[in-house]
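Hello,

I am passing this structure on to you, and I hope you enjoy getting to know it. Please have a look at the sequence and the model below, and then read on for my notes.

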Amino acid sequence: MQQLENWQLFVQKSPEQVFELVDANARADFEITSTGYWNKLLENPADVSYGCYRTVITGLDPSKKYAILQKDSPKTSCAVYVNRKLLVQVGDPFEILKNQPTSGSHSIIQPISFEFYPDDQGNAEIIYFIANYFYRKSGLNDTVYFGPAELFSNNSYISLYAVICGALIFIGLLCLFQFVINRNRKEYLYLGLTSITLALRISTNGLCLLSIIIPKLPAEIKFKIEYLAMWVVPVCVTQMLHSIYPTKRLKLFKNILICTDFLIGWASLFLPAYYTNRFIPVLQYAMILVCIYVLAFSIYNLILKKRYAFFNFFSYLFVIIGALIDVLISKGARGFTVSLLPFFLVAFVIIQILMFVKIQNDIYKQTLESSDKLQRLNEAYFRFVPREFIELLNKDSVINTNAGDYQEITMTIMFCKVSIVCEEEEVSSGHEHEHAHEHDHENLDEHFLVFTEYLKNIMPVIQTHNGFVSKILSGGFMALFPKSELDAVKAAFEIKENNSYSEHKVNSWIGLHYGKMIIGTVGEENRLDDTVISDTVNTAARIESVCEKLQKPVIMSHEFAQNLVDLNGLEAKDMGIKFVKLQAISVKGKEKPLELYEVVKKLKD
């Protein structure tokens, strides 16, 4: 495979006129080394809209088949002659030769590849007839390759470009789907649009894969699609970068760049093709300005060692290197037989995907850590506010609990006070002995440890019998039994039996009562506490104080005893309980004396 060189250029000449000039040994307008736009050769290129390129290949084998191949689609209409026989035509270049050509486009996009035999002398005269209807540059800028037919095929390049485009489209759709799932992740939207736009750029540039799907693809549409990458990609990349690294300092400058690029891009999209391709230099300058800004911002984030800055910097660097190589190829640089830009664009998208995967993984880890922390906070909260208390409020979570939430419930309440006996002396933890504690500093630490050990053993007992400790008081606790009074009695006897801790004897004084009460949360949003408010609570506390005065371990109110029998449908003896009626006692806050009973017999198994 070799490039065809040493061309003659005939401007504003039809193929027939070139045939006549060649036969007359007339000189061409220009002798050039390789094909290219003739604008740079003419003083007034706008006055020239068609012309012919001619070269002769000699020393060929007349019996051997040869081929011509162009890896880029011509940007204008053209017709190719071999030994003055028309072999290939792209669009309708001959319409321009009419005195009154019809309006509209006569250009289509289609890669040129054909086979031929040389003449009997082994020569092949190649003539390209180029007609430009709307493009800002005229001529044949594509490299023309020549060689034996068996060595020529576009299939491998088509397959490679198809795989690249398919991969970019697939990645783009995945990113857009990710954005639909999570609208807060706008960087996926921008990367998805970037990836799809780059796929369109590759499918319309070079071999123009889109022309395989649409054989008669008008050149005007092709260029509009190809130019999308020049303004959609810079806008999306800039927005994507600022989604990852939000900053207010550069917001105004960034918005000006994006708006300028965006407005020029929309103008190039909707204006007629004649004006669209004349916007290209402006779009190129705007794109270069945005690229410089993006690269500078990436370097800035890299210097500050921001997270993921490494990914951004090298992904944009890949695009810039690919673009520079592509420019060199377009300028006729030797050594490149195919555009490398698609590969660098794929590298850009892959690096961005890797970065997003890293971001997603970090977010997932943070979510797990936050969830674990929240769970531990909830568990810690339940160490202060019982889970059963939240459930009685008909709340499914501590988070949903607010100040002022309450429920009115009728149930059993237990008040218990503890006396610790040390060295044959009983030292109470109750209020009545607070003065003694103030003078017994040496025993305070020991008593605290004993009381803590006591609660560790007693609280599971209460939970076993369907109750829970609502408040831990000074030297005792308050427990609630929502389900059954019998649960409270069983718990009371088991508590009574647990009376030895760290070589200390512990006496428990338990008062049981039944009645209505309000449970709820009080305080304000930044400081909540659970509480139980009712005369039932005060009465239970008074009953417990009677236990200590009378030295009776378990005393229950008449309401509790009556409700225990009524609800269970059994007499006290049937439940293995013996009620001993005590003398009615007047307590503070009650007009009538309290009827109380001592429970003096253990429950039967």
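How many helices and strands are there in the protein chain? There are 16 helices and 20 strands in it. Please keep in mind as you read that this is a predicted model.

**The chain as a whole**

The protein chain has 605 residues, and 49% of them count as buried. If you take the contacts in the chain with a separation of 6 or more, 73% of them come from residues 24 or more positions apart.

**A pair of helices**

I would start with helix α5, residues 219–244, and helix α8, residues 280–303. Their axes come within 10 Å and cross at roughly 20°. Since angles under 35 degrees count as roughly parallel, α5 is therefore roughly parallel to α8. The crossing of the two helices is left-handed.

Which residues meet there? On the α5 side they are Tyr227, Met230, Trp231, Pro234, Val237, Thr238, Leu241 and His242. On the α8 side you will find Ile280, Leu283, Gln284, Met287, Val290, Tyr293, Val294, Phe297 and Ser298. The residues of this contact divide into 13 nonpolar, four polar and no charged.

**Cysteines**

A disulfide is a covalent bond between the sulfur atoms of two cysteines. A search of the whole structure for such bonds finds zero disulfides. Cysteine 259, at 44% relative accessibility, counts as partly exposed.

**Arginine 54**

Next, please find arginine 54, which is placed in strand β4, residues 50–57. Why does arginine 54 count as buried? Its relative accessibility is 13%, and buried means under 20%. Arginine 54 and phenylalanine 10 are 44 residues apart in sequence, yet from C-alpha to C-alpha they are 8.1 Å apart in space. Leaving out residues up to four places away in sequence, arginine 54 touches Phe10 along with Asn6, Trp7, Gln8, Val18, Val22, Glu125, Ile126 and Ile127.

**Aspartate 405**

Aspartate 405 sits in the loop between α11 (387–392) and β11 (406–422). With 16% relative accessibility, aspartate 405 counts as buried. What does aspartate 405 touch, not counting residues up to four places away in sequence? The list is Leu393, Lys395, Asn400, Ile519, Gly520 and Thr521.

**Two residues with positive phi**

Glutamine 12 is found in the loop between β2 (7–11) and α1 (15–23). Its phi is near 55°, a positive value in a residue other than glycine. At 30% relative accessibility, glutamine 12 counts as partly exposed.

Asparagine 25 lies in the loop between α1 and β3 (30–32). Asparagine 25 has a positive phi of about 60°, although it is not a glycine. Its relative accessibility is 69%, so asparagine 25 counts as exposed.

Best wishes

Notes: Residues are numbered from 1 along each chain as its sequence is written. This is a predicted model: local features need pLDDT of at least 70, side-chain atom pairs count only at pLDDT 80 or more; totals for chains, interfaces and linings use all residues. Side-chain values use heavy atoms; hydrogens and water are left out. Axes are lines fitted to C-alpha atoms, for helices over the stretch in contact, and angles run from 0 to 180 degrees between N-to-C directions. Helices (H or I, at least four residues) and strands (E, at least two) are DSSP runs, numbered from the N terminus. Angles under 35 degrees count as roughly parallel, over 145 as roughly antiparallel, 65 to 115 as roughly perpendicular and the rest as oblique. A crossing is left-handed if the near helix is turned anticlockwise from the far one by less than a right angle, and right-handed if clockwise. Contact means heavy atoms within 4.5 Å. Ala, Val, Leu, Ile, Met, Phe, Trp, Tyr, Cys and Pro count as nonpolar, Asp, Glu, Lys and Arg as charged, and the others, Gly among them, as polar. A disulfide is a pair of cysteine sulfur atoms within 2.5 Å. Buried means under 20% relative accessible area, exposed over 50%, partly exposed in between (1.4 Å probe, protein chains only).
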